[in-house]
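Please read them beside the model.

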Amino acid sequence: MNRGWRSWGPPVLLVLPSMILIGVFVYGLIGVNINTSLTDQHHRLGGGSFVGLENYRTLFHDDTFVYSLRNLGIYTVTFVCGTLFFGFLWAWLLEKGVRGEGGFRAVYLFPMAVSFIASGVVWRWLLNSAEGDRAGGLNRLFENVGLGFLANPWWTNETWGIVAIAIPAIWQLSGYVMALFLAGFRGIPDELREAARVDGASEWQLYRHVLFPQLSPVALSAIVIAGHMSLKVFDLIMAIAGPTNYTTQVPATQMWTKFTSGDYATSAAIGTILLCIVALLIVPYLVYTYRQERRS
Amino acid sequence: MTRTRRALGALVATGAMLALAACGGSSSDDGSSAKGGGEVEVFTWWAEGSEKAGLDALVKVFDQQNPGVKFVNGAVAGGAGSDAKAVLASRLQTNDPPGTFQAHAGAELTDYINNGQIEDLSDLYEKNGWNDQFPQSLLDRLTVDGKIYSVPSNIHRANLVWANPAVLQDAGVDPAATYDSMDAWIADLKKIKAAGKIPLSIATDWTQVNLLETVLLSDLGVDGYNGLWDGSTDWAGSDVTDALDDYKTLLDMTNEDRQSLDWPDATQLVIDGDAAFNVMGDWAVAAFEGQDKEFNKDFLAYPVPGTDGVFDFLADSFTMPVGAPDPATTEDWLNTVASPEGQEAFNKAKGSIPANTEADTSDFGAYQQTAIESYAQDDIVSSLAHGAAAPITWLTDITAAVAKFGSTGDVDGFQSDLADAADKNAAG
């Protein structure tokens, strides 16, 4: 008995504080949030009787909310594809052997160190939607170099505005994905390439059958990391377009406006929906990595 | 060795947990430290700029009038008041109200009234003769079911057009012209557009709500506009459709980068001569005067066409929370806020005008003088964009509809969104 306590007691004591803190402040509050989303607390004070799934029904019948979900989808696809493309491209170029690799790596990674709010303030100006005489930022640049036809309303376009928000996000996080891929490339032993070359593989075959399969776990991590970040996008939109702008509505900005107006129930319902969407991405990944670890 | 290390680790971990628990405890103590006699905690979001200057000036008067009472500044900065409101809501919920708190006068108080969290101040108005010192039409706007719940500290006007006479002249428009309707104004706006200037500058969503409310006021008239908020005007009606059509026409006359700007940028377009007109509340006067522009020479300001003789007001006000730590000191504060001396000091520093008509305003600025004059004789209506006309959830829904319309340009959809918002919020 005494021996048993000695062997499992201290580890449990060690883990206990974080378990309690996470239990209360993460899972407990998720529970409170879900509970609030099932009530009719639509004002700062008062209200709060149980209404079941009423808030969720209202949300999915609300055109603006559906539009914000659609925006989130477009944004996520653009952002994930963009960062993967540029991240891979840069990693591949560096892998090919460029002079001053350290310098390039720093240059590409550096944007990640800037906060979304700080870069958003600059991008707000770069992505100014005015055209013609009053054009500023990128539109002005296009006009000055004779590419005036490229000038466009950026994030104020109703259909594709959200893609303009993805541009700064891709700029900021491609370097990070590059670092992931670069580590992946470096982790592939040279013997594998040499063996493939000896067997007469062409350059494309080498990539297709030797390098890509080795990089796929890296790509998966990159997709999950970029994906869950893009689903939670909020600060960049706040800095560029503000919380009420229609063309850049995503669930997180809706949650914010509902929360600041005191509509806690609707805000909580949006939060729960967002959590479910992120869980759809994360949970399969966790299951996958768990299985991988078990296997090895 | 291992055993000692483990035990040590466990000890450290438990210690950390205790420390965290202690932190939690002490912060909740701080929240209620304002209790006790002889002081009043004043909860505002006036933490910087001219608002802070106004509050400081008001406190100076308060200290003179109430030497024994200590002023405790409970200002919460950030989010143009939305952070403060969230903090306030949680304090009210836990029955820990401040001595008094700032709120926009009018419909923004609805939630507090419905929850029985602020006291009826009608007796105080009676006792101090405030009913005679504040204009009757303002008192009408503040009265809910025969009771008044707050004391206004300052008045702003939202239905103003700011114009650059030089731009008007260049475009062949008479700067001295007055417009008695939207249609007359739109005709001149078209001339300015033809001359290659921005006819009407505007900024992000809330300034568009400000424009919308003045268009509604102009086209529906005072009674029609007031009816929007008490249900006697139908949001889905044809006169509202006409007003929304006018709004669409005006929006087509604005700068295309409006979503990237906030109100000072839009006002700056007029100051710089890039735009002819801008619709904005009278806090804009500080932007003109701050750049040495002279009223009626370098810039003009008059009521939005069709709203002459109407004063679209917004005001800050102070309340007496139910269960205030010391109602006597709260009353002292409200007395100072309402007093002519307090109103004069506060508004001169903040750039607004006194709500109390007995305040001495002889050395206020040139624009303020015209506002003071209109305020005393005009019909007073409540501003939507600034929380006086409708509760905040309704305003949020209207802002969302305006933002959507700015992107889609679909008047029918806009009107049905507005009608839905009215149905949803008027009931609750």
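1. A polar contact here is a pair of N or O atoms within 3.5 Å; within protein, one must be able to donate a hydrogen and the other to accept it, and residues adjacent in sequence count only if both atoms are side-chain atoms. Between chain B and chain A, seven residue pairs are in polar contact, both residues at pLDDT 80 or more.

2. The model is predicted: local features need pLDDT of at least 70, side-chain atom pairs count only at pLDDT 80 or more, and totals for chains, interfaces and linings use all residues. Residues are numbered from 1 along each chain as its sequence is written, chains are lettered from A and ligands numbered from 1 in the order written, and side-chain values use heavy atoms, with hydrogens and water left out.

3. The interface: 37 residues of chain B are in contact (heavy atoms within 4.5 Å) with 34 residues of chain A. About 3100 Å² is buried between the chains, and carbon and sulfur atoms give 57% of that area. Buried area is the accessible area (1.4 Å probe) that two parts lose on being put together, summed over both.

4. Salt bridges (a side-chain nitrogen of Lys or Arg within 4 Å of a carboxyl oxygen of Asp or Glu) number two across this interface. In B:Asp257 with A:Arg134, the closest N and O atoms are 3.2 Å apart. Over all chains the count is 22.

5. Within chain A, A:Arg186 forms a salt bridge with A:Glu101, with closest N and O atoms 3.4 Å apart. A:Arg186 is in helix α7 (residues 161–186) and A:Glu101 in helix α4 (residues 101–109), so the pair ties together parts 85 residues apart in sequence. Helices are DSSP runs (H or I, at least four residues), numbered from the N terminus.

6. Which residues lie nearest the centre of the second largest pocket? They are A:Thr58, A:Asp62, A:Lys258, B:Asp397 and B:Lys424, from a lining of 35 residues. α17(B) gives the most to this lining, with eight residues. A pocket is an open set of points on a 1 Å grid over the protein atoms alone, where a 1.4 Å probe fits, with protein on both sides within 12 Å along at least five of seven lines; lining residues have an atom within 4 Å of a point.

Methods: Helices (H or I, at least four residues) and strands (E, at least two) are DSSP runs, numbered from the N terminus.
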